[in-house]
Amino acid sequence: MKTEKPILQDLHGRDHAYLRISLIERCNLRCTYCMPEEGVKLSPKNHLMTYKEIYTIAKTFVDNGVTKIRLTGGEPLIRKDIPTILEKLSTLPVELSITSNAVIIDKFIDVLKANHVNKINVSLDSLDAAKFKHITRRHEFKKVYNNILLLVKEGFTVKVNAVLMKGFNDNEIIDFINFTKDLPISVRFIEFMPFDGNKWDMSKMVSYAEVMEYVNASFLKENIERLQDAPNDTSKNYKIEGYKGSFAIISSVTNPFCDSCNRLRLTANGQLKNCLFSSTESDLLTTLRKGKSIEPVIQKAVQAKFKVRGGMDTLKKLQEPKLHNNNRSMITIGG
Ligand code: SAM
Ligand code: SF4
């Protein structure tokens with residue numbers, strides 16, 4: 001039941017109806033842009049939310065207006081109690097979805113269906129097995145590729161996320177778009193973003209404008225259709241005439257979508273992040289474990305949300321390592 005006080009509204013008038021919950025800090029891949037080569041310092045197990053705590057915290061958000069929950073990680077499917085988590089969360093009146101690298105998703109088709117998880121985002125940064133190995137430091141291309149086909153066959157709504165890196169996979173933009181010719185998927189090109197330890201620099205990033213240069217050079221103008229973006233959508237959506245699927249660009253760096261942001265993030269160790277780029281966190285788990293209400297902590301965190309990108313409102317600020325190095329690595333935020 002929604003309460004009267006809009007604790008999920010920030011001081012810029014944005015209501016937050018979308019919660020992304022990271023279930024785990026570990027992963028079965030090692031994507032270079034997501035986790036540092038030396039790995040990340042993992043939280044002790046007893047600092048991670050149990051499935052009961054995840055449910056209790058999620059329910060508090062739902063009671064206050066959250067209508068969408070996306071599970072992420074690390075790799076959410078390697079958490080042992082994922083079936084229980086899905087079962088518990090599916091009792092809440094929310095749209096439940098998941099972001100996965102899909103390496104083992106074939107083992108979860110029935111569990112996902114039973115718990116009404118219909119929307120799956122899958123990360124795949126290259127259609128070339130050798131390049132996939134280079135970026136993920138693991139040989140799992142075939143499994144991921146086949147599992148994307150399986151998900152489509154099983155009737156899931158699939159979005160494929162590809163982080164573009166200059167000189168690495170920007171020459172695959174058109175191959176990815178052609179991947180949508182016979183498959184009803186959406187391929188989303190993500191601008192490479194800076195997080196702790198991922199050696200980001202602006203010159204490695206492929207921008208929205210550059211993606212469109214490739215597209216305009218390869219397809220006739222009249223065949224490139226700009227689609228209507230959904231409210232609060234983070235992506236600019238397009239389709240090639242006659243193709244079953246579509247493609248999109250997520251331009252958090254060159255064209256942030258902060259004005260319509262409705263997202264909050266909960267890390268696997270129970271910290272609320274009011275923005276992907278935020279360098280501060282609010283400890284919901286400790287508050288919950290002390291038996292206190294987490295609502296005042298949530299409200300304070302939401303009200304502290306910056307208008308743009310955790311306060312990095314210019315590209316110049318985004319390029320200052322000291323600003324984004326105070327943030328976590330993406331693997332422990334949850335994308
Ligand atoms: N393991 C799952 C996966 O890979 O889909 C879920 C977690 S992953 C952190 C969530 C998303 O964050 C992925 O789509 C990944 O590509 C994206 N991501 C990670 N690091 C990124 C970065 N530096 N810039 C842009 N997107 C990034
Ligand atoms: Fe793992 Fe996803 Fe990060 Fe890759 S992007 S290391 S699959 S959490």
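1. In this predicted model, the face of helix α7 that is turned away from its buried side carries E213 and A217, both of them exposed. The buried residues of α7, which spans residues 208–218, are Y208, V211, M212 and V215. These four cover an arc of only 95 degrees around the helix axis, and therefore they sit on the same side of α7.

2. The UniProt record, in an unreviewed entry, lists residues 11–225 under "domain: Radical SAM core".

3. Ligand 1 is surrounded by 20 residues, of which Y33, G74, S123, M193 and N198 are the closest. Sorted by class, the shell around ligand 1 has 10 polar, 8 nonpolar and 2 charged residues. Three strands, β3 (95–100), β5 (157–164) and β6 (186–191), each supply at least two residues of this shell.

4. Polar atoms of the protein approach ligand 1 from both backbone and side chain, as the following pairs show. A backbone N or O atom of Y33 lies 3.1 Å from a nitrogen atom of ligand 1, and a polar side-chain atom of E75 lies 3.2 Å from a nitrogen atom of ligand 1. For S100, a backbone N or O atom lies 3.3 Å from an oxygen atom of ligand 1. Of the 540 Å² of accessible area that ligand 1 has on its own, the protein covers 95%.

5. Which residues surround ligand 2? They are C27, L29, C31, C34, G74 and N101, and by class they divide into 4 nonpolar and 2 polar residues, with no charged residue in the shell. G74 also belongs to the surroundings of ligand 1, where it is listed among the closest residues.

6. Two residues deserve a look at their backbone angles, given that most residues other than glycine have a negative phi. H116, which is not a glycine, has a positive phi of about 60 degrees, and it is found in the loop between α3 (109–114) and β4 (119–123). The relative accessible area of H116 is 57%, so that H116 counts as exposed. N232 also has a positive phi, near 60 degrees, in a residue other than glycine, and its place is the loop between β7 (224–226) and β8 (235–240). With a relative accessible area of 33%, N232 is partly exposed.

7. The side chain of S278 reaches the backbone oxygen of T280 at a distance of 2.7 Å.

8. T50 lies in the loop between β1 (18–22) and α1 (51–63), and at 37% relative accessibility T50 counts as partly exposed. From T50 to R70 the separation is 20 residues in sequence, while in space the two residues are 17 Å apart, taken from C-alpha to C-alpha.

Definitions and conventions: Residues are numbered from 1 along each chain as its sequence is written. Chains are lettered from A and ligands numbered from 1 in the order in which they are written. This is a predicted model: local features need pLDDT of at least 70, side-chain atom pairs count only at pLDDT 80 or more; totals for chains, interfaces and linings use all residues. Side-chain values use heavy atoms; hydrogens and water are left out. UniProt positions are given in the numbering used here, feature names are shortened, and annotations may be inferred rather than shown by experiment. A residue is near a molecule or strand if one of its heavy atoms lies within 4 Å of it. A polar contact is a pair of N or O atoms within 3.5 Å; within protein, one must be able to donate a hydrogen and the other to accept it, and residues adjacent in sequence count only if both atoms are side-chain atoms. Accessible areas come from the Shrake-Rupley method with a 1.4 Å probe; for residues, only the protein chains shown count as cover. Ala, Val, Leu, Ile, Met, Phe, Trp, Tyr, Cys and Pro count as nonpolar, Asp, Glu, Lys and Arg as charged, and the others, Gly among them, as polar. Buried means under 20% relative accessible area, exposed over 50%, partly exposed in between (1.4 Å probe, protein chains only). The arc is that of the directions from the helix axis to the C-beta atoms.
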